[in-house]
Amino acid sequence: AGGFPVWSPDGSRIFFRRMIDIYQKASSGAGGAELFYAGEGRPSTPTGVSPDGRFLLFTQMSGTTLEDVRVLPLEGNRQAVTLVGSPFSESQAVFSPDGRWVAYASLESGRTEVYVRPFTTAGGVPALGGGKWQISKDGGSLPRWRGDGKEIVYRALVTGSPMAVDVDASTSISVGVPKRLFVLTNNLPWVMAPDGQRFL
């Protein structure tokens, strides 16, 4: 049993949650699933892998801060680091296609909205840099970057319809106005292809 699958950039591995821990398995189907990260008794859900395959983003439950965004190096000692651990719930983090930015959902405003912050490994320690930009309007969750990094698509809170926002992330972040791509009335789940043109 398992859920919340996340692909490695080269497509060779799939990370997923089983019970409260993170497992990995070869996408070829060869071999069994291997425990990758034991969540210290706290449910841990993988959400994204950096384009260079060096870091895994995941959401971890916490007794004091609800949900936190954490990052785990995929090489070396695999020491998890908290990227966002405020008193509000933060989750669903994903890397931009160039690995320089992280989009995530947060309840800090009183309802779930999508934000973007820079990702850095200065001093060898992964962290989020200064600056924070709100991407969604009127609520949003489950951000996904288009493959060229020039658009973020997220779920509207009430209907689940995909909302697209133009993003210029060259040196800073410039955010356009959210526009609905198509209408959903029953909050059905969807997944976007990297080109942003096809949805399952």
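Visitor: On what basis are the values computed?
Guide: This is a predicted model in which local features need pLDDT of at least 70 and side-chain atom pairs count only at pLDDT 80 or more, while totals for chains, interfaces and linings use all residues. Residues are numbered from 1 along each chain as its sequence is written, and side-chain values use heavy atoms, with hydrogens and water left out.

Visitor: How many strands are there in the protein chain?
Guide: Helices (H or I, at least four residues) and strands (E, at least two) are DSSP runs, numbered from the N terminus. By that criterion the protein chain has zero helices, and its strands number 18.

Visitor: Which radius of gyration does the protein chain have?
Guide: The radius is taken over C-alpha atoms, and the globule rule is 2.2 Å times the number of residues to the power 0.38. For 200 residues, a compact globule would come near 16 Å, and the protein chain agrees because its own value is 16 Å.

Visitor: What share of the residues in the protein chain is buried?
Guide: Buried means under 20% relative accessible area, with a 1.4 Å probe and protein chains only. Of the 200 residues in the protein chain, the buried share is 44%.

Visitor: Which residue in S4 stands opposite Gln24?
Guide: Strand S3 (residues 21-26) pairs with S4 in the antiparallel sense over three bridges. Opposite Gln24, the residue in S4 is Glu34.

Visitor: How many of the eight residues of strand S11 are buried?
Guide: Strand S11 spans residues 113-120 and is mostly covered. Its buried residues number six.

Visitor: Which residue in S11 is the bridge partner of Ala105?
Guide: Strand S10 (residues 101-106) runs antiparallel to S11, and six bridges join the two. Six residues lie between the strands of this hairpin, where Gly110 takes a positive phi near 105°. The partner of Ala105 in S11 is Val114.

Visitor: Which residue in S12 is the bridge partner of Phe119?
Guide: S11 also pairs with strand S12 (residues 127-128) in the antiparallel sense, over two bridges. In the hairpin of S11 and S12, Gly123 takes a positive phi near 75°. The partner of Phe119 in S12 is Leu128.

Note on methods
Pairing = 2+ DSSP bridges. Buried < 20%, exposed > 50% of the residue type's maximum accessible area, 1.4 Å probe, protein only.
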